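Me: I am new to this structure and would like to learn how to read its side-chain features. Could we take them one at a time?

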Amino acid sequence: MLLHESLENSSKQYPDKIAVVYQKERITYSELDRRSNAVAGYLTEKGFKKGERVALLLENSPEYISSFFGILKAGGVVVPLNTQMVDRELTVILSDCSPKFIIKKTGIEKNRDCPRFLGTVPIFSSDLAMIIYTSGTTGKPKGVMLSHANLNANADSIVKYLNLSASDRMMVILPFYYSYGTSLLTTHIKAGATLVLDNRFLYPNVILETMEREGVTAFAGVPSHYSILLRKSALRNYKLDKIRYVTQAGGAMALAMIKEFQNLFPQINFYVMYGQTEACARLTYLEPESLSKKMGSIGKAIPGVELDVLDEAGQKVNPGEIGEIVARGANIMLGYWNSPEETEKVLKKEGLWTGDLAKIDEDGFIYLVSRKKEMIKSGANRISPLEIEEVVCRMPGILECAAVGMPDEILGEAIKLCVVKNGVDMNERDVLLFCKQNLALYKLPKVVEFRDSLPKTSTGKIRRNELV
């Protein structure tokens with residue numbers, strides 16, 4: 001199956017159902033399909049050829065969705081771009097992928113009547129469908145190549161384990177240029193569900209109002225989104241009684257925060273998930289039924305994926321030992337665009353070497369320890385920043401924090417803790433005392449630095465390299 005056929009199928013099955021809600025717009029599946037056909041027809045008329053790239057520089061909108069599927073229908077490759085990039089960053093990516101067109105404003109699909117688009121070339125499931133550039137917390141961003149088959153396999157798996165249906169209404173605050181956002185788009189279109197788009201999360205109460213007004217049944221976010229909802233919004237004033245589940249990915253979330261959300265909304269199923277852009281977004285999920293007894297775990301492999309935790313020799317580690325997560329499945333990328341050397345580093349005979357260190361327990365549940373490059377090497381100890389952050393986030397008055405390694409003449413690296421307060425008066429001594437009461441001596445921060453905010457990528461991941 002080709003990725004754009006999911007829109008065509010939903011259009012046939014639910015022609016008059018609302019596919020997208022955006023501000024005052026209500027767009028049906030048949031209209032969304034028509035608009036995507038218009039984009040495909042326009043590209044073809046302009047001499048577009050199969051396999052050429054089209055860069056999308058658009059915020060989440062109906063125009064983004066129609067352009068996304070229109071490019072695929074024309075046999076093209078979608079290159080979604082972060083709308084917050086500066087010229088220098090855009091130049092690096094555009095020079096790398098050489099797009100035929102850049103779509104940064106639309107109107108094509110509204111002004112053209114193209115109810116059917118039959119295409120001019122055959123498209124196969126093995127063909128390249130997207131190049132998603134990694135957020136690039138360090139170094140040059142890499143273009144992850146994903147085929148129609150990759151994206152479809154991942155979408156089918158997510159639809160299955162989340163039990164998505166046409167009755168679902170997803171609140172979309174995650175940008176579509178982010179792999180997590182792309183997965184929301186592909187899965188809900190495939191299920192014939194409704195996407196409620198709102199790009200105003202800077203005003204979280206506005207999002208909560210949208211969720212109530214539109215009868216939203218699901219929400220997806222990264223840890224910083226939940227932190228803002230719990231600490232900076234009127235969340236406690238809302239019932240959210242129509243929401244059946246929420247999902248969290250994009251980095252480890254403090255367990256105390258998950259428990260706080262669960263206590264507020266015990267009726268909502270909370271899914272912890274883990275993945276990578278190289279896997280079309282998703283590799284594992286922890287089902288809500290296992291959350292309490294396996295708190296801190298990222299769960300097990302999603303349907304259709306096999307995971308191992310391997311040592312450097314490629315052998316499976318024993319329960320409790322640390323190894324690297326290695327994944328196999330139809331959702332694993334084709335490789336990195338124009339980077340065969342980088343591709344060979346991660347795609348090996350065992351599968352995709354994720355660069356994420358983890359433990360596995362006797363029941364097969366996986367516990368993320370850290371990214372290889374984020375482990376703090378202090379003396380003879382290897383310390384996970386996630387463990388420190390989880391403890392510190394339990395301290396009353398702390399909104400969020402990040403632990404990083406800083407150069408130390410004796411230990412090699414010492415621990416630096418960057419803290420964002422939630423309007424509570426505290427000093428370095430208060431934080432260190434709390435750490436001393438809750439952490440082993442070798443895990444204690446040497447420096448505590450208070451900040452107004454933590455530097456993050458546009459997708460909410462902490463830029464740890466900027467904190468050292």
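**Reading side chains**

Reply: Start with E350, which is buried, with a relative accessible area of 16%. Buried means under 20% relative accessible area, exposed over 50%, and partly exposed in between (1.4 Å probe, protein chains only). This is a predicted model, in which local features need pLDDT of at least 70 and side-chain atom pairs count only at pLDDT 80 or more, while totals for chains, interfaces and linings use all residues. Residues are numbered from 1 along each chain as its sequence is written, and side-chain values use heavy atoms, with hydrogens and water left out.

Me: Which residue forms a salt bridge with E350?

Reply: Side chains of opposite charge can pair when their charged atoms come close. The rule here asks for a side-chain nitrogen of Lys or Arg within 4 Å of a carboxyl oxygen of Asp or Glu. The partner of E350 is K349, with the closest N and O atoms 3.0 Å apart. K349 is exposed, with a relative accessible area of 78%.

Me: How many salt bridges does the rule give?

Reply: The count comes to 31 salt bridges. In one of them R200 meets D198, with 2.9 Å between the closest N and O atoms. R200 is partly exposed at 43%, whereas D198 is buried at 5%.

Me: How far apart in helix α2 are R35 and E31?

Reply: Helices (H or I, at least four residues) and strands (E, at least two) are DSSP runs, numbered from the N terminus. R35 and E31 are four residues apart in α2, which means a separation of about one helical turn. Their side chains form a salt bridge of 2.9 Å, N to O. R35 is buried at 8% relative accessibility, and E31 is partly exposed at 25%. A network of salt bridges links E25, E31, R34 and R35.

Me: Which residues touch the most other members of the largest nonpolar core?

Reply: In soluble globular proteins, nonpolar side chains tend to be buried together. A nonpolar core is a set of buried Ala, Val, Leu, Ile, Met, Phe, Trp, Tyr and Cys residues joined through side-chain atoms within 4.5 Å. The largest has 73 residues, and I65, F68 and L185 touch the most other members. Helix α3 gives the most to this core, with six residues. A second, separate core of 50 residues includes L208, L417, M426 and C435.
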